[in-house]
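User: I've got a model open here and would like to talk it through. Can you take my questions one by one?

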Protein chains: 2
Amino acid sequence: MKQPDVLVIGGSAAGIVAATTAKSFHPEKNVMLIRKDQNAMVPCGIPYIFGTLESSQKNVIPDSILTDAGIELKIDEVISIDQKQKVCRTADNTEFSFDKLILATGSMPVKPGWLEGADLENVFTIPKSKSYVDNVKACLEKHKKVAVIGGGFIGVELADELAKCGKEVTIIEMMPHILSAAFDEEFALKAQKQVECRGIRVKTGSGIKKINGPEKVSGVELNNGETLDADAVILSMGYRPNSKLAEDSGLPINEFGFIRVNEYMRTENPDIFAVGDCAEKYSFITRTLKPTMLASTSCAEARIAGMNLYKLSTVRAFGGTISIYSTSIGDTAFGAAGVTENLANERRFEIITGTFEGVDRHPATLPDTHKQAVKLIAARDSGVVLGGEVIGGKSTGELTNLIGFIIQTQMTVDAVLTSQIGTHPLLTGPPTAYPLIKAAEAIARQRRV
Amino acid sequence: MKQPDVLVIGGSAAGIVAATTAKSFHPEKNVMLIRKDQNAMVPCGIPYIFGTLESSQKNVIPDSILTDAGIELKIDEVISIDQKQKVCRTADNTEFSFDKLILATGSMPVKPGWLEGADLENVFTIPKSKSYVDNVKACLEKHKKVAVIGGGFIGVELADELAKCGKEVTIIEMMPHILSAAFDEEFALKAQKQVECRGIRVKTGSGIKKINGPEKVSGVELNNGETLDADAVILSMGYRPNSKLAEDSGLPINEFGFIRVNEYMRTENPDIFAVGDCAEKYSFITRTLKPTMLASTSCAEARIAGMNLYKLSTVRAFGGTISIYSTSIGDTAFGAAGVTENLANERRFEIITGTFEGVDRHPATLPDTHKQAVKLIAARDSGVVLGGEVIGGKSTGELTNLIGFIIQTQMTVDAVLTSQIGTHPLLTGPPTAYPLIKAAEAIARQRRV
């Protein structure tokens, strides 16, 4: 029986960071990571395999990130955990004892049972499996018309990549707009327009009813009665946590299927932690359960688990999910952090919003200037920033992260307004009209009494 | 006599933001801005007039930023302030009374009295004056060999733009490295290498002794005895505050020539504020006087003055200068916020540093991936982040701002480590190895006891 001190199950972003953090903070411990797949994929890179990256091989996370850190890597599938004996058993019948166990078993794409035709030939999902994705890519090469079901980030990014490769792509989204979990209407509509400019058809406001066959996909039928021709269907209708292994071992699971954890990412068993897509999450702001699945959130959780394995630290605990998203459609990028105006209203926050539209270079006569718009959502009572949305150029990702930090440190709009930001003609908006600051100003002005 | 409620003297970044903030927060007041120059220039854009922007006209800040906000603009020069009568008199002999006055008189380039040859033909400085800069540009067109004295940001950016236009440029810097106020050696050397790759000669470690004539510039002589041929010399040896108007009116001036102000940017006179390059600054971290001159700092000060004109607010006060810099040399950008390791040691902070070198896209096989390195400097006792330095692609400006916010909110490395950052293949580094987080981890690991 192998006897690592720390055993990590799962080899995507959460598993890797859990293992490397555990080793980094406990260099004297033996850390082992077991994963099922031969290769670990960059999770957010998967849509780009279909175009920009050309091949899935370019999207593989090198195992050296583990082995260079002194972590033992084992390709195998854990099929049971004995909590009492502190032993895991794998598919090839090996036993691994552990002192501390971190579950990073991830998630798998939803394929709804109610969806007629979901098992037809040329209906695909997007799991984090290289071999599956290679197969999808090979199959799609033979087809022209693709229907993407679900206009979340994965659906939109995949649609964009497929359109780039000459496919006729239609996104079908049951909500009134694409990306509606991350953006309020006015930002979502701009994203949608951008998607449409790239030659993608977008159908919103009606979900899918069935996929037509008889054997291979021939089309899809929507709830509003409309039908579309299609040679292939990609279901990007969300993901559900892989928590069966944990559940079978007797660990508590919440009503959405996530493994229950506390702020230290620790399960009910003080020697077992869970991180990433399989682990329970609360919203930092609304304090309600969230089904958020983001590599970046997962990695924060994984760092926290890795640091708290042997002794707990209140200053290294998880404060709740902020949900920081960003994406790029053509030259225009979109980012969001915290709550939308919609969600804040729904949860009964009293809020004020401020939006400013500017540019991301200065003077705006510089060659690669891009429009930049920032919307902030703040609590009326305290002025604390609860959320933000950004449209801009390639710096949108880091600007969104800045907003994420503003939310996490519970800065007020006054604190933002008195903050210094650095500006440079070739890198940022102007100091006189930096959109983030101007959006905060618009809120502060409304709060003045 | 004209009678605005709020009178702002100076029309660069600080003046504009002071006026627009005053009007935004006190819409019922009449706000007037008086400036000397016919045109306001984007201050940080000035080096780019010499290449990228092609003409100074493209670097003009449109006056509509003032007039659209309902601010009256007057082109004139204030020559005296009567504090008792609350009246300003201008060069064309008009009097303006004021209820509140904001001094944003800026700075002017240093032309050292000790420097022999400083008044020769073809010796230039870089003031924020369109007509002066137009003249420099026209003169330089006739010359090939340019010596830039001073390897700070302005010197480096100007040198780069001139080299782009085919000049033979030499930067002369008395410190051991260029950009040494903002970057520690290892980062400064990378910037220097980048500058040299762009065909610019860099001479460090010896200052200028004299400029050779007899009438026009023929060369420069360094303190180490070396001489260089040159057709023109640009002095970028720093700037000094324009505080004479304030001093003449009886307002206190500090030992570096800056107008004394408190945290509300208010002078000794409760009706007179000073902001921007002319106003006194303390370092947020070292709490010592700083001669920092940055449009972005100025704008933060200007917002604070604008909000505190009629009643003070402790939550809208200035916490001290963070000094957030960024620049781009070719495709590589450099950013810094807070203190360098050098400065921290000099001031007797006990610090720990952490550096991580990664990439700004993921996977790194993506076409426009750029290396990204982050160094953080944190206090050993508290773990509070005191400074940061960044090398990367075009997102460096916003990532540096993120570090600026970390410093301003006094986050510890543990707080950074438990923070969520959003990541996207086309916009940021990977969630598993986001350089900012990895740099924080390197520090936290060393603090572990």
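This is a predicted model: local features need pLDDT of at least 70, side-chain atom pairs count only at pLDDT 80 or more; totals for chains, interfaces and linings use all residues.

User: How many helices and strands does chain A have?

Analyst: Both kinds of element turn up in chain A. The count is eleven helices and 25 strands.

User: What is the radius of gyration of chain A, and what does the globule rule give?

Analyst: The C-alpha trace of chain A spans about 65 × 60 × 40 Å along its principal axes. For 449 residues the globule rule gives 22 Å, and chain A comes close to that, so it is as compact as a globular protein of that length. Its radius of gyration is 23 Å.

User: What share of the contacts in chain A with a separation of 6 or more comes from residues 24 or more positions apart?

Analyst: Take the contacts in chain A with a separation of 6 or more, and pick out those between residues 24 or more positions apart. Their share is 65%.

User: Which residues does the cis peptide bond with an omega of about 20° join?

Analyst: Look in the loop of chain A between β15 (208-212) and β16 (219-222), where A:Pro214 lies. With omega at about 20°, the cis bond joins A:Gly213 and A:Pro214.

User: And in chain B, where is B:Pro363?

Analyst: B:Pro363 is joined to B:His362 by a cis peptide bond, with omega about -5°. Its place is the loop between β25 (351-359) and β26 (371-379) of chain B.

User: Is A:Lys86 buried, exposed or partly exposed?

Analyst: A:Lys86 sits in the loop between β6 (78-82) and β7 (87-90) of chain A, and has a positive phi of about 55° despite not being a glycine. A residue needs 20 or more other C-beta atoms within 10 Å to be buried, and 12 or fewer make it exposed. A:Lys86 has 18, so it is partly exposed.

User: What about B:Glu54: how many other C-beta atoms lie within 10 Å?

Analyst: B:Glu54 is another non-glycine residue with a positive phi, near 70°, and its place is the loop between α2 (46-49) and β4 (60-61) of chain B. It counts as partly exposed. The number of other C-beta atoms within 10 Å is 13.

Technical notes: Residues are numbered from 1 along each chain as its sequence is written. Chains are lettered from A and ligands numbered from 1 in the order in which they are written. Helices (H or I, at least four residues) and strands (E, at least two) are DSSP runs, numbered from the N terminus. The radius of gyration is taken over C-alpha atoms; the globule rule is 2.2 Å times the number of residues to the power 0.38. Two residues are in contact if their C-beta atoms, placed from the backbone, lie within 7 Å.
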